[in-house]
Amino acid sequence: MDAEAAKFIGAGLAAVGLGLAALGVGNVFAQFLSSALRNPSAADSQQGRLFIGFAAAELLGLLAFVVAMILLFVA
């Protein structure tokens with residue numbers, strides 16, 4: 001296998017993390033909305049955890065993007 005082809009395959013596999021991060025963000029908000037509709041009085045106290053979960057999922061997506069870009073343009 002050519003080194004250039006391996007670089008593109010590795011970047012494509014790293015880019016899969018972007019899609020999984022999008023699923024994670026959707027899951028975080030869906031679960032928050034579900035719990036907020038079940039118990040509206042507790043929704044305000046859980047909003048901080050919502051943003052922490054969103055930030056964690058988004059960080060993993062950005063990390064996957066950075067790895068893909070490093071594989072494409074640096075390595």
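Predicted model: local features only at pLDDT ≥ 70, side-chain atom pairs only at ≥ 80, totals over all residues.
A helix, as the word is used here, is a DSSP run of H or I at least four residues long, and helices are numbered from the N terminus. By that definition I70 is found in helix 2.

The secondary structure of the chain consists of 2 helices and 0 strands. The extent of the C-alpha trace can be given along the principal axes, where it spans about 60 × 15 × 10 Å.

Of the 75 residues in the chain, 16% are buried. The chain exposes about 5300 Å², and 73% of this area is supplied by carbon and sulfur atoms. Among contacts with a separation of 6 or more, 77% are between residues 24 or more positions apart.

Helix 2 can be followed in more detail. This helix has 31 residues, and the distance from its first C-alpha to its last is 44 Å, close to the 45 Å expected at 1.5 Å a residue. Which residues of helix 2 are buried? They are A43, L50, A57, G61, A64 and A68. The buried residues of helix 2 pack against helix 1.

I70 gives another view of helix 2, the helix in which it is found. Its relative accessibility is 44%; buried means under 20% and exposed means over 50%, so I70 counts as partly exposed. From I70 to L60 the separation is 10 residues in sequence and 15 Å in space, taken from C-alpha to C-alpha.

The last topic is the aromatic rings. A pair of such rings is described by the distance of the centres and the angle of the planes. The chain has 1 aromatic pair. In this pair the ring centres of F29 and F54 are 5.7 Å apart and the planes meet at 55°; an angle over 60 degrees would count as edge-to-face and one under 30 as stacked, so the pair is tilted. F29 lies in helix 1 (residues 3-38) and F54 in helix 2 (residues 43-73), 25 residues apart, and the pair thus links distant parts of the chain. How accessible is each partner? F29 has 36% relative accessibility and therefore counts as partly exposed. F54, at 30%, also counts as partly exposed.

Methods. Residues numbered from 1 in each chain as written. Heavy atoms only, no water. Buried < 20%, exposed > 50% of the residue type's maximum accessible area, 1.4 Å probe, protein only. Contact = heavy atoms within 4.5 Å. Areas by Shrake-Rupley, 256 points an atom, 1.4 Å probe, with all protein chains shown as cover. Phe/Tyr/Trp six-rings, centres within 6.5 Å; stacked < 30°, edge-to-face > 60°. Expected span 1.5 Å × (residues − 1).
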